[in-house]
Amino acid sequence: MRSRGEQHERAYIERLRQAGSSIVDLRERKDPRATLVAMREGAQAIVQAPLGNDDFSGIADVLLRVEAPSALGAWSYEPMDTKLARETRAGTILQLCTYCEMLAAMQGAQPLRFHVVTPMKEEAYRTADFAAYFRLIRSRLRSAVTEVPTPRTYPDPVLHCDVCNYWKHCGDQRRRDDHPSLIADIRSAQSREFQRQGIPTLAAIAECEGKLPAEPARGTRSTFARLGHQAKLQLQARSLPLPPVDALPIEPGRGLQRLPEPSPGDIYLDFEGDPFVGDQGLEYLTGYAWRDAQGALRFEQHWAFDPAAEKAACERFIDLAMERLEKHSALHIYHFGAYEPSALKRLCARHATRGEALDRLLRGGCFVDLHAVVREAFRIGVERYGLKELEPLHRFGRKLDLRDAALARRDLELAIELGDGERITPEFKAQVAAYNGEDCLSTEALQKWLERKRSEALAAGQAIARPAPAESEPSDEVSERDQRIASLQAALTGDLPDSPERTAEQAARALLASMLGYCRQEEKNAWWEFFRLRDLPAAEQLEEREMLAGLEYLGVMPRQGKERNARHRYSFPPQDTAIDVGDQVVFTKAEDPAPDGPGTTLTVTEIDHAGCTVVFSVGAKAANARPTAVFRHQVVGCKPIENALLSFAESVRDHGFQTSGPYAAASQLLLRQPPRLGSGLEFDKRSDQTISALTPNLRRPGEDVLEATKRICKSLDGGVLPIQGPPGSGKTYAGARAIADLARTKRVGVTAVSHKVIDNLLGEIHKFMPPGALRLVHKNNEEPPQGIEYLDDNDATLNAVRAGTVVGATVWLWSSDDAEGSLDYLFIDEAGQMSLAHALAGARAARNVVLLGDPQQLEQPTKGAHPEGADVAALVHVLGKDRATLADAQGLFLDRTYRLHPSICAFTSELYYEGRLRSIDELERQRLEGDTPFAGAGLFLVEVPHEGNQSRSNEEIDAVARIVRHLLAGLQWTDHEGRTRPLGPSDLLVVAPYNAQVSALRRTLAPLGVTRVGTVDKFQGQEAPIVIYSCTAFSPQDAPRGMAFLYDPHRFNVATSRARGAVIVVASPALFEPDCRTPEQMRWANGLCRYREVATVVDRFACFNGRAVRSPSSSMRSVGEVATPRDG
């Protein structure tokens, strides 16, 4: 490995030498002073450079000279590391951040970026995206090695236990203590609840059968009783040869009623995968077993160490399943857990292959999850409901020791991640293959055991139905769509070279081909999710955000107005759910009054997340049904969008990318061309010249943003103008005025991802235009806001298109055949959230397209996996992977904020906008005045210790209420014009990530007059003098939807940038110490870590006597010092 690493480094250095770089090799020198000498001399590359400071030392593979000023002169250096791994690992990021810190001291300037060169690619990482998290890790390391006495901890189980070398030591400790965590499926919060109520061991929980002396702080008594039953069985198992098995009551469609009639065509499937290979993981081994016509066991396995082999393995399995399905129409595919069908969905979507066949298998109900059958049918005295733990019951004996198999999988996966084929030895492969094969055979043995248990129950007189057969054939219309898509994809990509050798136009053709199935895949993903949720085991429903579970019927509510449907009120236990007022929800199959139909629906008319009640509008079909769980219906057809994309593809196939006609703007957008300007003396109106060929900047020196926007819009000639508007930069202001200016003589349309966003932009036009100057029309069928006319008919809306009228509609209208060429300009608002596929489809309605948005704020929602690049948002596509802000020639970056105080802006600019965003001078005046630790302006942090909280924290609710009472007790607010007035309830905006916390905060703060309380999604585009953000979750491990949601930099940017003067983050201290395993997780965590570094920390109790407990350390660099001008 060392030899291969050295060879890879030498090859890279040779490429530098051949490119003409002057190279200084210091591999024989170990003194950092030699590095400093070479840096001062200005070498273009310094190889094997020794670095060091008081804490660390190291040798950087290469230091690259960049033309950025430092104490050395007009240049400085950035570290680069050569790595054999195909994907950069978290340890590499920490290593290079250490080099950056040492270089900063040597050259007097922080390296703006650091670099990793793998055998596949060269990557650049922005230092500011990781620096704060690196400093946290460095601080924790120092504390760990210096703290006396060593802090006492308890080895509570965490995710890392699965790969930790100390797993046995910690497990032995928990067994000696008979810790509650030994109970199957118990959560850490439930374990703490038992301990808090004086029931500290598994044996004690079993003895009291989980009956708590007092009401639990969270959850229901029935949940703890279930855990008590589980503990009782596990305690019995300690003195029995086999785990005891208790049968649970039989429910329709659940448990043993999920078992289909066995078929000679049945297949048993198991994947081995590694989520840390590449950006999307790799299913590196596909194994499946079946019995042939003579009943003999057959077995196949397919290895995949790259995406192409992964695709081929997926195709071979699905082809075999379809071949057997033709012979055995009652075939089923048995698996253990939800992983296998989920993996197949991802693979078919990612590789754009065999989607139709998988659809048929899914529609036909071919997949059978034996884990769900076991969990719903029995309670068993095992510590974990895993396949291996159940094997004593069905007498399956493994030949391979599981510990040996785990070690082989670990070493094999490390080799795959490193891209080191030589380390994938035959021995490793044989052990992992044996493990995978035994999983398949164990799945078959479990199925046979379950069939025996079913027979025993039938013999005892119980009635257990088999699942009804499902229709698997697609409709003729679906088949025709798929054929048309496949034909066009082949025509667009048939003659293309491999990806690295493609021209920009060839790459655009390939991307268009991958997007042709976007709408079809979105529909598939939505239907796959529909059926997954409809069949989800009851034990998993409470943790599913798309569901509302644990429902208990409370009674009928009076009808309102002319309502025809009944209104049923239910209660539910606290949970994180996305379901909200207006949503259509569906029964689970087990409870559906018509289980063989398309799904019986209800409509949510009221929901109180804090009070845990919901009211449904109930039609006649569901009048007598009493569901215990429902899920959100998200299937939306998008036929006009798909047809528009396919028509665009047919045009490209026949005529190539065009600069005139209905697909000119779509062509320019897909090719990522700068705005194509066609007016003015220096431009040839019919040429392919772009502005970038004539001037490096779209915006003229000293030109006002609004004037630049108007001027460039008027000059567009079959092109696209991207406008990136950071928080408070006037994106909507400038867009509305450009629209009004154009609409006097041009046909202008507006679209966005939602009707609300369209109304917001039209409403901004209405604010400043004289009455009657412009007609504002929106295709919508609800109640219109003032100044906007709603039309609910497509023809009427399109007939309204003319100069003097601005017409708003979703992409569904603009992508229709009737809308083609109907506009001179289409403005797409929040284009950082609209998929590129939707933007291309709508673009054929207009000669020119203007993209308004900010990719650094809320992201585009998608319903599942797509081929690489096909699911990108329109403005993200224009921006490209390596940039956070638009380059001057790409479009307009609005670089001044009219909202954020400079101290807030500096933080926002550093983390999210490459240091390019600045506040206008007047914002310095914004401040809070009075006897308060929040005096002045800036970032504040109130740490609130609590444990186990997930989607609701009573401790943080109490802290927020205290802060609000304090702020409204006579403090003064000074605005940007220097006017001072009392701070009022409408000046406060309170944000939380989860609906349950939002509802509780609304209820608590309503008596104080504070009504602006909501999630991040509700407040994009809004602002207030003061923003309070309650993070809610106790720790990264407790956060619903994981780190990816709570730490999402887009969401944190939106939450903190609503404030004009002060941001007050209320959070558990544990949130600021995340353990990150990937660079992406480190980037997520960095924002919160940086906030803590620069915020003024205020004690949650002592803060109200007017003093701050702690400000940022004087040794800590301020935001302004990091956000240097050269960042732009």
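**Strands, loops and overall form**

Me: In which sense do strand 21 and strand 27 (residues 846–853) pair, and over how many bridges?

Reply: Helices (H or I, at least four residues) and strands (E, at least two) are DSSP runs, numbered from the N terminus. Two strands pair if DSSP finds at least two bridges between them. For strand 21 and strand 27 the sense is parallel, and the number of bridges is five.

Me: What kind of model is this, and which cut-offs apply?

Reply: Residues are numbered from 1 along each chain as its sequence is written, and side-chain values use heavy atoms, with hydrogens and water left out. Totals for chains, interfaces and linings use all residues, whereas side-chain atom pairs count only at pLDDT 80 or more and local features need pLDDT of at least 70, the model being predicted.

Me: Which residue of strand 28 (residues 892–893) is the bridge partner of Ile 723?

Reply: Strand 21 is joined to strand 28 by two bridges, and these strands run parallel. On the side of strand 27, Ile 723 stands opposite Leu 852. In strand 28, the bridge partner of Ile 723 is Leu 892.

Me: Which residues of strand 21 point the other way from Val 720, Pro 722 and Gln 724?

Reply: In a regular strand the side chains alternate between the two faces of the sheet. Strand 21 (residues 720–724) is mostly covered, with five of its five residues buried; buried means under 20% relative accessible area, exposed over 50%, and partly exposed in between (1.4 Å probe, protein chains only). Val 720, Pro 722 and Gln 724 point one way, and the other way point Leu 721 and Ile 723.

Me: Is Glu 914 buried or exposed?

Reply: Glu 914 lies in the loop between helix 29 (902–912) and strand 30 (918–919). Although Glu 914 is not a glycine, it has a positive phi of about 55°. Because its relative accessibility is 6%, Glu 914 counts as buried.

Me: What is the relative accessibility of Thr 1032?

Reply: The loop between strand 37 (1024–1030) and helix 33 (1042–1046) holds Thr 1032. Its phi is positive, about 80°, although Thr 1032 is not a glycine. Thr 1032 counts as buried because its relative accessibility is 0%.

Me: How many of the 11 residues of helix 31 (residues 995–1005) are buried?

Reply: Contact means heavy atoms within 4.5 Å, and what covers the buried residues of helix 31 includes strand 18 (601–608), helix 30 (954–967) and strand 35 (988–991). Among those buried residues are Asn 995, Val 998 and Leu 1005. Helix 31 is largely enclosed by the rest of the structure, so the number of its 11 residues that are buried is eight.

Me: How far apart do the C-alpha centres of domain 1 and domain 2 lie?

Reply: Domain bounds come from an automatic or database domain assignment. That assignment gives, among others, domain 1 (1–146) and domain 2 (178–239). The separation of their C-alpha centres is 52 Å.
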